[in-house]
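Please read these notes with the structure open beside you.

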Amino acid sequence: MPQDANSAAATDQPVRTVLTDPEQSTVTEGIALCLSGGGYRAMLFHLGSLWRLNEVGLLSQLDRISSVSGGSIVAGMLGLQWNNLRFENGIAQEFVDRVVTPTRALADHTIDLKSIAFGAVNPFKHVADEIADAYRSHLFGSATLQDLPETPRFVINATNVQSKVLWRFSRPYAWDYRVGKIDHPKIELAVAVGASSAFPPMLSPVTLTFDHEDFVPNTGVDLQKPPYTTRVLLTDGGVYDNIGLETAWKQFSSILVSDGGGLASDEPEPHTDWARHAYRVLEIIDNQVRSLRKRQVIDAFIRGEKRGTYWGIRTDIHDYHIDSLACSLASTTALANVGTRLKQLDDVTQRRLINWGYAVCDAALRAHFKELLPPETPVGEFPYPSIGV
């Protein structure tokens, strides 16, 4: 229920209205797309989903694209290229050349271990700085948040380690509701995506430095003061919200969720040394948060509180009970088990992941969101038909 946004005690409540929520009590008639984390695996899976969304004309209808971690890589590229996509009749004609090709090129390179190695031997640069350098080199150059379009609104989410809540990067503002808002931030896109995908513990944290005066006065609930405003420590957006739901759910009537996240496997004999045990505990926490978010989404669809649909990399496409592309559960499960890394993926795996994201998005839309599709939308065709999944 709503809480007083000016009360410090409100920060202890599990559900509350925050300063970044819209003032109106009713949701906006619009469509939001949420892109989960999951490293290159999720990045390519989402790329396939975006491909199908574009083909059916929904990409151009999106009002918000909210992303975390691996999802933020492809969202950042889509946002940077948005005004160059040449939409005709609602369909981006340059989607493959402007978004697919450069994103796939990044997946040809391992940037996590290389960055960890360089960061370990360079006392002047953190691992996170090396990751940002890689994103600059391969995707974003010197572009900033101001190079994103005004519409749709792209929101790239990270987690503030100090305040324990989301830090939101977007064109109009960077905002942590407890710390405050920076208007029209000129933060580099590579840095924002780097913060959103700073997987703990090895790629985290990302440290941002500001002047206290950079923040709009009285826009933080209870932490708008140094050092919260002068030295901000961020980690992966998935730590707080691993399907990018938070910055879309409260505002929009229609929610589309593309979930390329992983699943913590059972371990009969888990490691007990501190490093690997800590990593295992992080996996369990991520698994539980993801399960709760997914349940929230699907239950709301079932109750009719929201329109939209969910598709995941571990979905059995046959559960949609609709004609669909040939995707065996054994093959798609193998793709879902690709590691959560920023590690080079071979050409065949890249194309299979894109095909899978395309196919399951296609089935989910035709099963549960067909009112906004062209009449009698047929089953799509794999982007890479010779590969399948």
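1. Contact here means that heavy atoms lie within 4.5 Å. The model is predicted. With residues up to four places away in sequence left out, Tyr 135 touches Ile 73, Leu 106, Ile 111, Phe 140, Gly 141, Ala 190, Val 193, Gly 194, Ser 197 and Leu 342.

2. Tyr 135 is also one of the residues with the most contacts inside the largest nonpolar core, which has 94 residues. As background, nonpolar side chains in soluble globular proteins tend to be buried together.

3. For the chain as a whole, there are ten helices and twelve strands. Of its 389 residues, 55% are buried. Among contacts with a separation of 6 or more, 74% are between residues 24 or more positions apart. The chain exposes about 16,900 Å², and carbon and sulfur atoms supply 52% of that area.

4. Is strand β1 (residues 28-35) enclosed or open? Six of its eight residues are buried, so β1 is largely enclosed by the rest of the structure. β1 pairs with strand β11 (residues 252-259) in the parallel sense over six bridges, and Ile 31 stands opposite Ser 254 in β11. β1 also pairs with strand β2 (residues 64-68), again in the parallel sense, over four bridges. There, Ala 32 has Arg 64 of β2 as its bridge partner.

5. How many aromatic pairs does the structure hold? There are eleven. In one of them, the ring centres of Trp 82 and Phe 154 are 6.1 Å apart and the planes are at 70°; planes over 60 degrees apart count as edge-to-face, so this pair is edge-to-face. Trp 82 lies in the loop between α2 (70-81) and β3 (87-88), and Phe 154 lies in strand β5 (residues 153-160), so the pair ties together parts that are 72 residues apart in sequence. Buried means under 20% relative accessible area. Trp 82, at 8% relative accessibility, therefore counts as buried, and so does Phe 154, at 2%.

6. Two further ring features deserve a look. Trp 167, Phe 169, Phe 210 and Phe 215 form one aromatic cluster. Elsewhere, the charged end of Lys 306 sits over the ring of Trp 249, 5.1 Å from the ring centre.

Conventions. Residues numbered from 1 in each chain as written. Predicted model: local features only at pLDDT ≥ 70, side-chain atom pairs only at ≥ 80, totals over all residues. Heavy atoms only, no water. Phe/Tyr/Trp six-rings, centres within 6.5 Å; stacked < 30°, edge-to-face > 60°. Helix = DSSP H or I, 4+ residues; strand = E, 2+ residues; numbered from the N terminus. Buried < 20%, exposed > 50% of the residue type's maximum accessible area, 1.4 Å probe, protein only. Lys NZ or Arg CZ within 6 Å of the ring centre and 35° of its normal. Core = buried A, V, L, I, M, F, W, Y, C linked by side-chain atoms within 4.5 Å. Areas by Shrake-Rupley, 256 points an atom, 1.4 Å probe, with all protein chains shown as cover. Pairing = 2+ DSSP bridges.
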